[in-house]
Structure formats: structure tokens, C-alpha cells
Amino acid sequence: SKSALSWCTVADKWSGFRKAFHGFDINFIASYGAEDIERLIEDRGIIRNRREVLTTIRNACEFERIAAEYGGFA
């Protein structure tokens, strides 16, 4: 199925994602700017979809905002 292919692709590129997104450090990702976005779009080690890259950065910013407002996620 189409979703199975998508998940296989993500799984195959997982180490590339980890490297490209600095170990999934939320605070680091939330600080990404235009240069980081272009770096990610050009990174062949990940799925290079501008919308998904921007969404990942927005999600990191939202995660920071919620953590600051409520003192964390516990």
C-alpha cells in the first residue's frame, strides 16, 4: 500500500533524519532559520519536502510554547 511504502521510506532514512535534525533536539529545531530550511531541503539523507520541514519546525516551536506555558509535558 502507499502508506506502507511511505513508512518504509521513513524507516530507511531515519538515521538521516536524526543527523539532519540534530538528534531531534526540540530547542535546537525551534531555532532553525532560513539557512537551516534550505540545508534540509537539499539533504539527500532525508525526505526533502518543504512543507514537512516547515511543519517540523513549527511543531518544535509549539512544543516549546506549551512546555513554557504549562511547565512541561509530564
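**Entry 1: the cover of H4**

I began with helix H4 and looked up what lies over its buried residues: the cover includes H2 and H5. Here I take contact as heavy atoms within 4.5 Å. Helices (H or I, at least four residues) and strands (E, at least two) are DSSP runs, numbered from the N terminus.

I noted the basis of the entries: this is a predicted model, in which local features need pLDDT of at least 70 and side-chain atom pairs count only at pLDDT 80 or more, while totals for chains, interfaces and linings use all residues. Residues are numbered from 1 along each chain as its sequence is written, and side-chain values use heavy atoms, with hydrogens and water left out.

Which residues of H4 are buried? I found Ile37, Leu40 and Ile41. Buried means under 20% relative accessible area, exposed over 50%, and partly exposed in between (1.4 Å probe, protein chains only). These three lie on the same side of H4 because they cover an arc of only 100° around the axis; the arc is that of the directions from the helix axis to the C-beta atoms. An α-helix has 3.6 residues a turn, so residues three or four places apart point the same way. On the face turned away from the buried side, I recorded the exposed residues Glu35 and Glu42.

**Entry 2: the whole chain**

I counted 5 helices and 0 strands, running α-α-α-α-α from the N terminus on. The C-alpha trace spans about 40 × 30 × 20 Å along its principal axes. Of the 74 residues, 20% are buried. Among contacts with a separation of 6 or more, 44% join residues 24 or more positions apart.

**Entry 3: the nonpolar core**

A nonpolar core is a set of buried Ala, Val, Leu, Ile, Met, Phe, Trp, Tyr and Cys residues joined through side-chain atoms within 4.5 Å. The largest has 14 residues, and those touching the most other members are Phe21, Ile29, Tyr32, Leu40, Ile46, Val53 and Ile57. Two or more residues each come from helix H2 (14–20), helix H3 (26–30), helix H4 (34–42) and helix H5 (50–70). I then followed Ile57: leaving aside its neighbours within four places in sequence, this residue is in contact with Ile29, Tyr32 and Ile37.

**Entry 4: the largest pocket**

On a 1 Å grid over the protein atoms alone, a pocket is an open set of points where a 1.4 Å probe fits, with protein on both sides within 12 Å along at least five of seven lines; lining residues have an atom within 4 Å of a point. The lining includes Trp7, Trp14, Phe21, Ile46 and Val53. Helix H1 (2–12), H2 and H5 each give two or more residues to this lining.

Ser6 also lines the pocket and is found in helix H1. I recorded Ser6 as partly exposed because its relative accessibility is 41%.

**Entry 5: the loop between H2 and H3**

Most residues other than glycine have a negative phi. Where is His22 placed? I found His22 in the loop between H2 and H3, with a positive phi near 45°. Phe24 is in the loop between H2 and H3 as well, and its phi is positive, near 60°. His22 counts as partly exposed, at 35% relative accessibility; Phe24 also counts as partly exposed, at 32%.
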